[in-house]
Amino acid sequence: MSRKTKSELENNKLQKRLRHAVGDAINDFNMIENGDKIMVCLSGGKDSYALLDILRQLQASAPIDFELIAVNLDQKQPGFPEHILPEYLTSIGVPFKIVEEDTYSTVKRVLEEGKTTCSLCSRLRRGILYRTAKELGCTKIALGHHRDDILATMFLNMFYGGKLKAMPPKLVSDNGEHIVIRPLAYVKEKDLIQYAELKKFPIIPCNLCGSQPNLQRQVIGDMLKDWDKRFPGRIESMFSALQNVVPSHLADTELFDFVGLERGQNLKHGGDLAFDSETVSFTPQNDEKEKLPEKSERKIINILASKPKTSCD
């Protein structure tokens with residue numbers, strides 16, 4: 001097999017893997033429904049480019065109809081190449097809106113020199129994007145966070161916030177007016193890096209607001225990358241844990257009725273196993289999973305299926 005043919009095969013595998021990972025996440029969480037108008041938040045980084053690209057592929061083939069509109073927030077950071085995104089989006093024929101808000105000056109004015117800017121910047125950006133989604137009549141807001149982002153958020157909340165909490169693939173926005181979705185929830189960051197190189201996306205650097213090498217998120221990200229190299233399968237196991245939560249074996253009195261617990265009570269996951277050796281498994285058996293609430297009667301359509309063929313009379 002020639003080097004070129006082998007490279008083409010690998011690229012095809014990568015594209016299929018990403019398409020199916022995104023499609024599975026959309027199906028599992030019912031992220032996209034017929035008639036949705038989805039605002040895809042485009043930062044100019046590899047993740048949001050890939051998100052838009054894969055959603056466009058699904059839009060062309062899915063058995064449901066939905067609209068996409070790309071939105072970029074130009075925060076007036078010094079050196080921001082404001083021509084790149086409009087040129088790219090025009091070239092691929094995607095409707096878009098560039099929102100210009102000088103949040104950069106606000107952050108610099110409010111925060112002391114040397115302080116981490118990301119938290120305040122994120123809050124300001126979120127409010128502007130919510131407002132924009134409402135103005136555009138969008139039913140969903142799609143963000144480009146991937147599997148590694150979700151795990152990093154879990155560890156940030158554990159280490160620095162005292163909460164067992166991550167980024168959900170789908171949730172109501174802070175102001176309660178929008179549904180936020182993360183279709184890349186099942187996608188590995190290393191696949192997105194490879195995909196960006198394959199597609200030659202015009203990446204905009206993410207350090208325009210200044211280098212902040214000691215950010216907690218970056219430290220956590222480096223830790224996860226190190227684990228992924230040294231302990232193959234650990235990242236997959238941790239993400240699986242987010243989908244297999246056992247409230248009776250944690251310590252949150254609001255999630256499980258510890259006060260009302262009685263002898264002889266039959267628990268879904270058994271009793272206390274503190275003195276027993278446990279078998280670790282990446283994929284728990286179906287009968288070991290917590291029962292989910294009854295699903296609504298809403299019909300969920302497989303977004304990976306093909307559009308129905310139209311017959312000619």
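Reply: Two strands pair if DSSP finds at least two bridges between them, where strands (E, at least two residues) and helices (H or I, at least four residues) are DSSP runs numbered from the N terminus. This is a predicted model, in which local features need pLDDT of at least 70, side-chain atom pairs count only at pLDDT 80 or more, and totals for chains, interfaces and linings use all residues. Residues are numbered from 1 along each chain as its sequence is written, and side-chain values use heavy atoms, with hydrogens and water left out.

Me: What is the order of the strands in the open sheet?

Reply: The open sheet has six strands with mixed pairing. Its edge strands, each pairing on one side only, are β3 (96-100) and β5 (170-172). Read across, the order is β3-β2-β1-β4-β6-β5.

Me: Which strands does helix α2 touch?

Reply: Helix α2 (residues 46-61) packs on the sheet, and its direction makes about 165° with that of β2, angles running from 0 to 180 degrees between N-to-C directions. With contact meaning heavy atoms within 4.5 Å, the strands touched by α2 are β1, β2 and β4.

Me: Is α8 oblique or roughly parallel to α9?

Reply: Helix α8 (residues 216-230) and helix α9 (residues 234-242) pack at an angle of about 120°, with their axes, which are lines fitted to C-alpha atoms over the stretch in contact, 8 Å apart. Angles under 35 degrees count as roughly parallel, over 145 as roughly antiparallel, 65 to 115 as roughly perpendicular and the rest as oblique. Therefore α8 is, relative to α9, oblique.
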